[in-house]
Amino acid sequence: MSALTPDSIAAVLDRHVHPLIGRSLLAAGAVRRIEAGRKPAIDLEIGFPAAGLRESLAAAVRAEVKAALGIEPEVRIGWKIQSQAVQKNLQPLPGIRNVIAVASGKGGVGKSTLSVNLALALQAEGARVGILDADIYGPSQPQMLGSRDRPQSPDGRNMHPIVAHGLQAMSIGFLVPQDDQPMIWRGPMIAQALGQLLNETRWDDLDYLVIDLPPGTGDIQLSLSQRVPVSGAVVVTTPQDIALLDAKKALQMFRKVSVPVLGVVENMSTFCCPNCGHSTPIFGEGGGASMAQDYGVELLGRLPLDMRIRQQADSGKPTVAADPESDLSQLYRDIARRAAAGLAYGTADDAFPSIEITED
């Protein structure tokens, strides 16, 4: 058993590598304070929201320190979410630390459902989150969020976001008078409208704004990727070969405009029978994993084709809000932690405070 000193505790933390961080707690700058007196304590501050990870990480650190030094310290864990790098010649938007774009090469793969549940999962992990529905032709977030409110404008120029399930939200669907009213607009009008929705909404101190992009890789998607300061992107696909072809185009589009791809989500990976619980890969197997491997990005997670997800989204209360303790909600929260950790540690320089070591 080694002597209990700040340096000996720091040495243990320098060996503890969490898979989401990818380096030791000490090297990641996550160690804020070490007290090595009669009541040893460690204060950690990580770069992503991790309410669902806090207890397991603290337990692992306590166990490792006890095994090495013979005493179990108190471990306190918090997080501080920093603005990460965006494309050249662009600056982060006021009131928004990070923008995460969710994209797919084609429609029908569950991108909007993933977007709203990702936003809710980031919120459940401890972040302040908003969602922008960028699909002008087919806005679905008002239905999924269960809100038909109209945004209020205190000055006739800027709008307050709609708040639903704790999320700050904006969509063209909140502004048009009828659900079946088509938006018969050309590309330049769409880009201008999206710019207004983004820049003329009074977003209030968001850690993350999730943008639900329209499907495809055309002029609208490219313009958004070039004009909006995006910190990272998530690409959604199904295992089906046709969906993968288009998802790869979406991934390459982000790379061409210097937007880091945080990873791939494979949606509808298996069909879960509501009667017997048997799972069948009706769209094929392993497509998302092979795509992630081929392009050197992370597979953030695999989601089943489960009737609960559809029913909950249609009812205006998405899965993470409707049943936060369910197995499905835990899958979304795991995806959210992986995406946020990749943003904090995989695509930008660290920006953490220096270590402060004191003796009690």
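Helix H3 and helix H11 (residues 327-345) pack against each other at an angle of about 75°, and their axes lie 8 Å apart; here helices (H or I, at least four residues) and strands (E, at least two) are DSSP runs numbered from the N terminus, while axes are lines fitted to C-alpha atoms, for helices over the stretch in contact, with angles running from 0 to 180 degrees between N-to-C directions. H3 and H11 are therefore roughly perpendicular to each other, a term that covers angles of 65 to 115 degrees, whereas angles under 35 count as roughly parallel, those over 145 as roughly antiparallel and the rest as oblique.

This is a predicted model, in which local features need pLDDT of at least 70 and side-chain atom pairs count only at pLDDT 80 or more, while totals for chains, interfaces and linings use all residues. Residues are numbered from 1 along each chain as its sequence is written, and side-chain values use heavy atoms, with hydrogens and water left out.

**The H3 and H11 pair**

On the H3 side, Thr 113, Leu 114, Asn 117, Leu 118, Ala 121, Leu 122 and Ala 124 are in contact (heavy atoms within 4.5 Å) with Tyr 332, Arg 333, Ile 335, Ala 336 and Ala 340 of H11. Sorted by class, this contact comprises nine nonpolar, two polar and one charged residues, where Ala, Val, Leu, Ile, Met, Phe, Trp, Tyr, Cys and Pro count as nonpolar, Asp, Glu, Lys and Arg as charged, and the others, Gly among them, as polar.

H3 itself covers residues 111-124, and at 1.5 Å a residue its 14 residues should span 20 Å, which agrees with end C-alpha atoms that are 20 Å apart; the expected span is 1.5 Å times one less than the number of residues. Twelve of the 14 residues of H3 are buried, with buried meaning under 20% relative accessible area, exposed over 50%, and partly exposed in between (1.4 Å probe, protein chains only). Among these buried residues are Lys 111, Asn 117 and Leu 122. Just after H3, Gly 126 adopts a positive phi of about 120°.

Helix H1 (residues 6-13) has six of its eight residues buried, so it is largely enclosed by the rest of the structure; the buried ones are Pro 6, Ser 8, Ile 9, Ala 10, Val 12 and Leu 13.

**Individual residues**

| Residue | Relative accessible area | Class |
|---|---|---|
| Thr 237 | 0% | buried |
| Gly 287 | 5% | buried |
| Asp 205 | 36% | partly exposed |
| Ser 258 | 53% | exposed |

Thr 237 lies in strand S9 (residues 232-237) and, not counting residues up to four places away in sequence, touches Ala 243, Leu 244, Ala 247, Val 264, Val 265, Glu 266, Asn 267 and Gly 288. Gly 287, in helix H8 (residues 287-295), is in contact with Pro 239, Leu 244 and Glu 266 when neighbours within four places in sequence are left aside. Gly 287 and Gln 240 are 47 residues apart in sequence, yet 6.7 Å apart in space, C-alpha to C-alpha.

Asp 205, in the loop between helix H5 (187-199) and strand S8 (206-212), has a positive phi near 55° although the residue is not glycine. Ser 258, also not a glycine, has a positive phi of about 60° and lies in the loop between helix H7 (241-256) and strand S10 (261-266).
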